[in-house]
Amino acid sequence: MFYREAGDFKLSYAEDSQTFPIRFDRYRYFAVLAVAYGVIPFFVNDYWVNAILLPFLIYAIASIGLNILVGYCGQVSLGTGGFMAVGAYACYKLMTSFPEVSMFIHVLLAGGVTALVCVLFGLPSLRIKGFYLAVATLAAQFFLVWLFNRVPWFYNYSASGQINAPERDVFGIVITGPNAPAWATYMFCLIFLTFCAIVARNLTRGTQGRTWMAIRDMDIAAEIIGVSPLRAKMTAFAVSGFFVGISGALFFSVYLGAVEVGEAFGINKSFLVLFMVIIGGLGSIFGSFAGAAFLVLLPVVLKVVGVDLLGWPTDIVAHFQLVIVGALIVTFLILEPHGLAQLWRVTKEKLRLWPFPH
Amino acid sequence: MTLKMTTLALSALMVAGPAMADLVFPDLSYRTGPYAAGGIPFSDGYNDYFTLVNERDGGIGGVKARVVECETGYNTEKGVECYEATKGEGALVYQPLSTGITYQLIPKVTADGIPLHTMGYGRTSAANGEVFSHVFNYPANYWDGASGVINYLLEENAGDLKDKTISLVYHNSAYGKEPIRTLEELSAKHGYELKLLPVDHPGQEQKSQWLQIRRDRPDYVVMWGWGVMNQVAIQEAANIRYPMENFIGVWWSGAEHDVMPAGDQADGYKAITFHNVGRDFPVFADVQTHVVEKGLAAGAGDQIGNVLYNRGFYAAMLAVEAAKKAQEIHGVADITPAMMRDGMEALEITQDLMTELGMPNFGPSFSVSCENHGGPGLVGMTQWDAETQTWSMISGFNPTDSDVLGPLVAEDSSAYAAENNIEERCK
């Protein structure tokens, strides 16, 4: 009944190749955008933004970035934490060196810097594949964290080695620092997420995405039909790095405000984002959102249920969190190896036929 | 039946729900993760003191204290979540027990007008109340600790540390890096050689650092460690047969659980402190009657009298005294965070007061002022006796080198003030 093409006639090529060809899907998409932009900003408070929405938006950007690399191009990366750190430190250096420039430009430039670094560390992917590439990116992770801990220039020679986001604004609205209003930080991240998602969606639907997927599915065959592995892999690393860099910059400047590289961008962060991608669904933009939402929301929900509603001791709840999240990950991977995105696809198929499945 | 369940659930909610006239003290604790060994006793002590005050005295000035516990796991992201979740309940003061979370909260609490008390951790230059209006780190801070260690060594060596080498084994984070600047300045003053040995989080792997120490044979090793790193370091020191009496930890590296795993080999290990240790205080009898025997002890109730338990206990005592001060200044029992801040700024702890509380000589006597949020920085030395399994104070609370520390605090806080356009407020 829902999600049906029947009666939805396309009269031009542009209509035929739009992102959401099914009318119902398209309206749903516009409805989500309308709620995100038009409703939520008026109802959010500090708790909702800082504890739930900002981490969701920022991790969604990071998982879109990683999904392009792992899900679409098939290049396993364990360096996400390190690349987020590049974005954060690039943003910090830009913010402190050019205080009068808009935050939009800083975050975009931080993404650009990360893209360059990511390409540099992606070069070995031309020679090594699979697990070996994972190890090479793991080296990037440790090297970058070590670098930002070791070279005082990156943290402006501060005594503690921490970086702190000074107050910066966009068109006169404070975005970073403690005085930033909740709705402004939310909108700022939401704009970046929308931008990243639209760019990623359109890249993956076009030639670029097809070359990535060709490399992912069988690189030798792809090379034979004329796909350049060098260009395909390097563009995947660059685009992925750009998104991950943006997320790192937002993570530091808008969300946390003060960052210590080893703690905020350690190997755990790489794994977290990788889990988001795997649970959400490899090779799916929606999956990136779903994975980020799952891993950001679940701990908060468990905490609220355990501590606030049931009144259990906090340590028991924290331990249960680990157990439950871990068990859910395993269950999901067994029951639905293609992630939450596949569940969504199956639901859509079912909805098409409902209420007459035969 | 359904109705009964609903009423039950409702009444449970009403009991659990916040009563209006509570004084809320959030406890951003960590009972899980690699730093839990330190987080649990501190949190237990913090909770138990408030329970004691509620049970024995009927609250603070007649108003019950309520502790809202939130698990951070020493993780900054969860710390932010906890802060946002608890600040709406009228939180009076935050004590996150984590330097990383402290750095995050300093601008936030200042904007929200809630005081932050980081006792012996956090940003050292917050001692300058001219710049940091809502942050307090009395009675002592990291730089006092570093200077206290050097003063102790000066005393041991008849005032001369020339040609001595001191290695600093530190947690490679904002926390561990704090003392470096001070130790460097003091090295220029006293002529010892300082060697730096960073240990990465969480600190289970220290073979290379201790190999380096075995090779260098420094005269003294100073440690700025936390969590599992402490136990590993002390075990490694024992393995290379480093003389324990020349191994000195900061106050976060000197609790029972740090030295126990090394057994007899840890005998003689020292740690600097800013409060007294042991359970030889009259107040613990009250804890026994009013908290433990009523079954209200926090956690497993097995930490009473441990070093970090005492520290949490002491932190809560200072918070309660500041709240009393605030009630006295403003003449209302139900104080707000802003009033609490005034109370902390006017806090005065004397030996008489501590004796009255059943905690004679539990900490140094000190007073806080608008300019000085850090107290006088009096620190003492403790030593571990493996045979009796006790820590004991081996010195009094002695002053630190304010000639060196004062300018450092002024320099760092004025840099912060310039970065954030803060004007000096004590005129």
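Modeller: Happy to! In this predicted model, α4(A) passes α6(A) in a left-handed crossing. The helices are α4, residues 80-97 of chain A, and α6, residues 131-150 of chain A, and they pack at an angle of about 35 degrees with their axes 7 Å apart. On the α4(A) side the contact is made by A:G81, A:G82, A:A85, A:V86 and A:Y89, and α6(A) answers with A:A140, A:Q141, A:L144, A:V145 and A:F148. Of these residues, 7 are nonpolar and 3 polar, with no charged ones.

Helix α11 (residues 307-330) and helix α12 (residues 337-345) of chain B pack at about 105 degrees, their axes 7 Å apart. Angles of 65 to 115 degrees count as roughly perpendicular, and α11(B) and α12(B) are therefore roughly perpendicular to each other. Here α11(B) brings B:A322, B:A323, B:K325, B:A326, B:I329 and B:H330, while α12(B) brings B:M339, B:M340, B:D342, B:G343 and B:M344. That contact divides into 7 nonpolar, 2 polar and 2 charged residues.

As for where the chains meet, 33 residues of chain B are in contact with 29 residues of chain A. On the chain B side, β2 (65-71), α3 (76-87), α4 (99-112), α6 (174-190) and α14 (402-420) each supply at least two residues. The largest share, 7 residues, comes from α4(B). By type, the side of chain B that touches chain A has 8 nonpolar, 12 polar and 13 charged residues.

How values were computed. Residues numbered from 1 in each chain as written. Chains lettered and ligands numbered in written order. Predicted model: local features only at pLDDT ≥ 70, side-chain atom pairs only at ≥ 80, totals over all residues. Axes fitted to C-alpha atoms, helices over the stretch in contact; angles between N-to-C directions. Helix = DSSP H or I, 4+ residues; strand = E, 2+ residues; numbered from the N terminus. Parallel < 35°, antiparallel > 145°, perpendicular 65-115°, else oblique. Contact = placed C-beta atoms within 7 Å. Nonpolar A, V, L, I, M, F, W, Y, C, P; charged D, E, K, R; others polar. Left-handed = near helix turned anticlockwise from the far one by under 90°.
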